[in-house]
Amino acid sequence: MSCLASPWICGTSVGNSKLSRPSPFSISSSSSSSSCFRRVVCQTQFSAKDLKFVLHDALDSYAVDTTLARAARDSFSSQIQRLTTIERETSICINRHVDLGKTALYIAAEDESFGSHSSVPLLVEAFVERLDSLTMDYFPHGGSSLRAAPEVLLESIEKYLYTRKGFWRTNTGTQPEPLYLHTVLTHCCGSAALLCLIYSEILKMLRLWYIVDFDVEIFYPHDPHSLPTAYNKRKSKESDQPHIMTTEALLVEMLRNLKDAYWPFQHDQTRSLFLRAADAANCADRSSIAGESAFELASVKAAQNRLQRGVWTSVPSGDMKLALSACERLILLETDIKELRDYAVLLYHCGFYKESLDYLKLYQEMKQQQQLKSFIKVEEDAVEKLIVRLNLILMEEGWSKCSPPRSFLGIYSVPW
């Protein structure tokens, strides 16, 4: 891939260099090459889209048809490639470049393809029309509120959305249904992130009809029960700033919710996903875990045994394919290099030792180059231990190539 063909890699943007966003996935040009990555040297940067992911190719090798999954991933990628520095920090109420509704549906389409025996893809356009119809259905119920003060109009919209249409928020936990837009539109029950998306789409449609002719913002609730609400930005307070949902933040929230729900190691919710997986690999230091119960230790052992038996698809215990899928899409967003580390530990559990080591090395290179300080010592110690173990495995004769991946690759999962 040439630098001219990919201006994002070069750090320039088509039409306006001010919108360029240097990729956080930056490495030194002197770094050693890796079989996992297609290196592109252009100002010592490359795009996450040039990384070679494992999931789809591995499923193909087990005769699992990934045609629909690949098409959905390509559509997702085409949307997020429109993100610029400004667009990433733009409120979802005024976002224009990325179609958040379609992007959320492409996420659902890929994941559904892994659990569906049908050769028919998720009908994305049909659900886009259903999303649009929410706005059109509001007009007969808006009445005099359509010409009223901003606060009255917003109150009317929320009454329509949450009372008349019956949308409500649920604490998702490990249940995946409220994490996909098409099921939220069908059952009117969803996560705070998807309720924010639906609300923002209604506001954007009303803005096109000049009904919303004022600056409006959606208040994203950080508590476990409140519903997203909107307010006139002119009357906002400084305390409202942390609750503004940007385009990038919404995408990350949606994908991390899926990653949390499908993570195959559901024990000890107080610890990071990475440490839970490192525990199951015996790479985490337990001496720093005060008061760890026998139940938690048993949960780690049970998860490890379950993975060794090839049992990967029990929703309450996670789903490896869908966890990998969420990790790959988070890496494509290029928001946090720790996503590389989390992806690597899953690859280790799947038996992709070479690829796992490559991603861990890339994570360390980027961490060193960016000189970031916000890292937890116990997590970094676990990374070091995992790298040592992977090097020892790959030194053994016969491990220079990827060992046969575990049997989860050939099993259909049922995400909802």
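Accessible areas come from the Shrake-Rupley method with a 1.4 Å probe, and for residues only the protein chains shown count as cover. This is a predicted model, in which local features need pLDDT of at least 70 and side-chain atom pairs count only at pLDDT 80 or more, while totals for chains, interfaces and linings use all residues. Residues are numbered from 1 along each chain as its sequence is written, and side-chain values use heavy atoms, with hydrogens and water left out.

The secondary structure comprises 16 helices and four strands; these are DSSP runs numbered from the N terminus, with helices (H or I) of at least four residues and strands (E) of at least two. Of the 416 residues, 56% count as buried. Buried means under 20% relative accessible area, exposed means over 50%, and partly exposed lies in between (1.4 Å probe, protein chains only). Among contacts (heavy atoms within 4.5 Å) with a separation of 6 or more, 69% join residues 24 or more positions apart.

## The nonpolar core

A nonpolar core is a set of buried Ala, Val, Leu, Ile, Met, Phe, Trp, Tyr and Cys residues joined through side-chain atoms within 4.5 Å. The largest one has 118 residues, of which Ile198 and Leu203 touch the most other members. Helix H9 supplies the largest share of this core, 11 residues. Leaving aside residues up to four places away in sequence, Ile198 touches Leu131, Leu134, Leu161, Phe167, Leu181, Val184 and Leu185.

## A nonpolar surface patch

Trp209 is located in the loop between helix H9 (192-208) and strand E3 (216-219). With a relative accessible area of 52%, Trp209 is exposed. Together with Met136 and Leu208, Trp209 forms a nonpolar patch on the surface, with about 360 Å² of accessible area in total. Patches consist of residues with over 30% relative accessible area and no salt bridge; like charges are joined within 9 Å and nonpolar side chains (Val, Leu, Ile, Met, Phe, Trp, Tyr) within 5 Å. A salt bridge is a side-chain nitrogen of Lys or Arg within 4 Å of a carboxyl oxygen of Asp or Glu.

## Cysteines and a buried glutamate

The count of disulfides (pairs of cysteine sulfur atoms within 2.5 Å) is zero. The closest cysteine sulfur to that of Cys93 is in Cys196, 8.4 Å away, which is too far for a bond. Cys93 is buried, with a relative accessible area of 0%.

Glu248 lies in helix H10 (residues 247-262) and is buried, with a relative accessible area of 15%. Although Glu248 and Arg88 are 160 residues apart along the chain, their C-alpha atoms are separated by 4.8 Å.
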